[in-house]
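Dear colleague,

I am passing on the structure we spoke of, with the sequence alongside it. Please look it over first, and then read the notes below, which set out what was found.

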Amino acid sequence: MARMATTRRVAISTAAAWLFGFLIFFPILWMVLASFKTELEAFAIPPSFLFFHWTTENYATVQERSDYLLHALNSIIIAGGSTVIALLIAIPAAWSMAFSPTKRTKDILLWMLSTKMMPPVGVLVPIYLIYKTFGLLDSRIGLVFILCLGNLPIVIWMLFTYFKEIPRDILEAARMDGATIGRELVYVLTPMAIPGLASTLLLNLILAWNEAFWTLNLSTSNAAPLTTFIASYSSPEGLFWAKLSAASTLAIAPILVLGWFSQKQLVRGLTFGAVK
Amino acid sequence: MGQITLQGVQKSFGPVHIIKGADLEIADGSFVVFVGPSGCGKTTLLRLIAGLEDVSGGNILIDGKNVVDTPPAKRGLSMVFQSYALYPHMSVRGNIGFGLKMAGLPRDEINRKVEAAAATLNLTPYLDRKPRELSGGQRQRVAIGRAIVREPKAFLFDEPLSNLDAALRVQMRIEVTRLQKQLGTTAIYVTHDQVEAMTMADKIVVLNGGKIEQYGSPLELYERPANLFVAGFIGSPKMNFVTGELASERGAATIGVRPEHLKIEREGAGGWPGTIAVAEHLGSDTFLYVEAGPLGMLTARHVGELSLGAGDRVSLVPDPARIHRFDESGNALRG
């Protein structure tokens, strides 16, 4: 009796998990399917699910009309650059707050997080003017800079929670063994924090890759990443669903593959400290 | 060389005074144990010597040189932590050799020294394992190996055996003592276990409430405790204390007699009469807890078996030469 109840419960929760997973995944699936349709079929009602005329012409058009590779390269440089710089700043910052906290450490952490609560559009005009003055509009450096600053609070918070979990004794042992602070960071702390660093890096890459507000507002063509590339398919002449889908699929493909292979790290990273 | 001198060392965390002025002279090559109840400041004092905490006042001299402003890495000391604090991502070889690597020694010299240390500690078969693949005792030996390989001026041990089971603890206690004698390096060892203190130390520092109560050899502390605290802390089972008339007869506020210095006689043989509340028969020893009326509960130890049980009436006769006398403020009275 009891076993049957358990089996049924497992079956129900499995079904529910699949259903929920499918709901979350459906828009992406729909987008990928639409990218292989003709423009007519893409907004046909009722929509055809699998039985339509499969075509790859949208991909060809997209590549012809705009330079996918240039935008992809911009995305890689902007997401990668901002992540690397953020980590270089965040590692020492999180280290100092985790291992030699002062009375104000908690306040500083909260203050940093509070900057994420402000809507970015609130500072769009001043940032735009500053960028204009310094010639940073539509430049990769400018985007790297703004995305790095935007994600820095989250990166510091994540690293801070990882570093907190590392036993102090081990760092003190390194100090007794004659390691300077720099060597302690390089030889002891960083290798021990690798799982944490990896998931922080991944999350930050994904956030920077998907960031649309600043990239859309501060870039036009030269430095435009894939987000701008997608947006260019929603034009005044109307929406080209199939081409938009093809562009979006191309834009998310790299990060989707990265996310797929690093699922374990991501889940561990996001639930770190929550589950013991 | 490893002579360590403390001059009026103080430490406070905010308004809390942890160490209230410690003066100590530790001779080169000696094994000194800091012992005291938890919270007495013994670990803090060790960390001050290590440099892991900054002193709030006073001087720490290593071989005559004041090191209060020297970072831990430059003090030439090595430390064994209670948690072992091994580097989890390094092999045993990497752990032991880390200090030498930091000192910039060439690789073959590091290997030679690591292998020699591993051989001393029977760790040779485990050199390429990670700490998580070792047992508690083996991890402890790696931590010790990491300390000895650097040939420091002194070893600092922070309750290193408290995570081991009883049998292993006794074995490691002997190994550590033997190793220290063999190397002739000064060692400071923190423990709350007075048996460890008595068996390992050349000299014991008894700490209480951030103050050094007494500094002397184990037998000095046992035979001539400076005050009530030391008298009660050193020795197991604890010394019996008696106040009131019996004490004032001897010109003291409190007198103390160790359980092994109370002779157990049949009732009416003089001494202090009482009823046995609990008798513990260990074979080698018999411990009697005797309800002695106005004197309270007294503990008596008899070497060998004694066929007495709860409810039996006995008389406890103190050895007059072994009665310790203390004044009102708890300090020992001599002569």
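Within chain A, which has 276 residues, buried residues make up 34% of the total; please keep in mind throughout that this is a predicted model. The secondary structure of chain A consists of 14 helices and two strands, and its C-alpha trace spans about 75 × 70 × 30 Å along the principal axes.

Turning to the packing of helices, H4 (residues 68-99) and H7 (residues 140-164), both of chain A, have axes that come within 6 Å of each other and cross at roughly 40°. The crossing that H4(A) makes with H7(A) is right-handed, and the contact between these two helices comprises, by class, 24 nonpolar, four polar and two charged residues.

As for the two chains, their contact draws 15 residues from chain A and 17 residues from chain B. On the side of chain A that touches chain B, at least two residues each are supplied by helix H8 (168-176) and by helix H9 (181-192) of chain A, with H8(A) giving the largest share of that side, namely six residues. Sorted by class, the side of chain A that touches chain B holds eight nonpolar residues, together with five charged and two polar ones.

With best regards

Methods
Residues numbered from 1 in each chain as written. Chains lettered and ligands numbered in written order. Predicted model: local features only at pLDDT ≥ 70, side-chain atom pairs only at ≥ 80, totals over all residues. Contact = placed C-beta atoms within 7 Å. Helix = DSSP H or I, 4+ residues; strand = E, 2+ residues; numbered from the N terminus. Nonpolar A, V, L, I, M, F, W, Y, C, P; charged D, E, K, R; others polar. Axes fitted to C-alpha atoms, helices over the stretch in contact; angles between N-to-C directions. Left-handed = near helix turned anticlockwise from the far one by under 90°. Buried ≥ 20, exposed ≤ 12 C-beta atoms within 10 Å, placed from the backbone.
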